[in-house]
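Q: I would like to learn how to read a protein model. Can we go through it feature by feature?

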Amino acid sequence: TVTVTKDGCSNSGSRAITVTPKPVINLGAATTICSGDPITLDAGNAGATYSWSPGGATTQSITVNPTVNTTYTVTVTKDGCSNSGSRAITVTPKPVINLGAATTICSGDPITLDAGNAGATYSWSPGGATTQSITVNPTVNTTYTVTVTKDGCSNSGSRAITVTPKPVINLGAATTICSGDPITLDAGNAGATYSWSPGGATTQSITVNPTVNTTYTVTVTKDGCSNSGSRAITVTPKPVINLGAATTICSGDPITLDAGNAGATYSWSPGGATTQSI
């Protein structure tokens, strides 16, 4: 209202001002999140119109997954009045994990997996190890996964290990044979490659006639995987027999033949005697 006086005369005039409140915006305090984690920002003021930056969204709320520090700003317009609010998001990078590509190994062979990120905390599965690296010897196909936590942020990585079985070798139990007698050893695994020791044979089976105690070993390789097996052969010497040289005698004269080896058993031919000497 104004009162105006001029030349001794006064008059008044007024104007009513109706005030529409601007939208009240509360996006929350500045926040630190882990890289890529979701966070939802809500501008409130249902029924208003919205313009978000960055991104250009026009919805009341947005869910974002920033990977770098970002300040999100929204302009809200309602009943012809606009207001703006913002929220700063500080991003902590998650640990970067590289366990390597999927791998094929031979059953039981060792492989080392390293999660990197020195000074972090670790949780491996399967196994439950909590070290930065693990050395494993899987016998079946296995996918190893590790969760790494550092500076309050966690990330996971995995590696699939395909296991190729090693050849199974059974040469039989340790055996005792007589000196010079033959014995056949078979490494099985048809179609594999073979290396025998002693002797250097490269066949699936060998027939040997050892005269001294010998352990035979074979290395079998199939589908890129090798395994070894062995068999101990104990050799018992045969009796040594010396009946003397060929002899000429007169008809009906006696001659004694002694087979030696006292305590043995004997079978003479002709005649069928079973004594040491005849």
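Q: Among contacts in the chain between residues at least 6 apart in sequence, what percentage join residues at least 24 apart?

A: This is a predicted model. A contact means heavy atoms within 4.5 Å. Among contacts between residues at least 6 apart in sequence, 48% link residues at least 24 apart.

Q: How many helices and how many strands does the chain have?

A: Helices and strands are numbered from the N terminus. The chain has 20 strands and zero helices.

Q: Is the chain spread out or a compact globule?

A: One compares the radius of gyration with the value that the globule rule gives. Here the radius of gyration is 47 Å, while the rule gives 19 Å for 278 residues, so the chain is more spread out than a compact globule. The C-alpha trace spans about 190 × 35 × 25 Å along its principal axes.

Q: How many disulfides does the structure hold?

A: The structure holds two. Cys34 is joined to Cys153, with an S to S distance of 2.0 Å. Cys106 is joined to Cys225, and their sulfur atoms are also 2.0 Å apart. Counting bonded cysteines along the chain, the pattern is 1-3, 2-4.

Q: Where do Cys106 and Cys225 lie?

A: The link of Cys106 and Cys225 is left-handed, with -95 degrees about the S-S bond. Cys106 lies in strand 9 (residues 103-106) and Cys225 in strand 20 (residues 225-236), so this pair ties together parts that are 119 residues apart in sequence.

Q: Are Cys34 and Cys153 buried or exposed?

A: Buried means under 20% relative accessible area, and exposed means over 50%. Cys34 and Cys153 are both buried. Cys106 and Cys225 are buried as well. Cys178 is partly exposed, at 36% relative accessible area, whereas Cys250 is exposed, at 53%.

Q: What percentage of the residues of the chain count as buried?

A: The cut-off can be applied to each residue in turn. Of the 278 residues, 28% count as buried. The chain exposes about 16700 Å², and carbon and sulfur atoms supply 51% of that area.

Q: How far apart are the mean positions of the positive and negative charges?

A: There are 12 positive and 12 negative charges, and their mean positions are 21 Å apart.

Terms used
Residues numbered from 1 in each chain as written. Predicted model: local features only at pLDDT ≥ 70, side-chain atom pairs only at ≥ 80, totals over all residues. Heavy atoms only, no water. Disulfide = S-S within 2.5 Å. Buried < 20%, exposed > 50% of the residue type's maximum accessible area, 1.4 Å probe, protein only. Helix = DSSP H or I, 4+ residues; strand = E, 2+ residues; numbered from the N terminus. Rg over C-alpha atoms; globule rule 2.2 N^0.38 Å. Areas by Shrake-Rupley, 256 points an atom, 1.4 Å probe, with all protein chains shown as cover. Lys, Arg positive; Asp, Glu negative; His and termini not counted. Charge placed at Lys NZ, Arg CZ, Asp CG, Glu CD.
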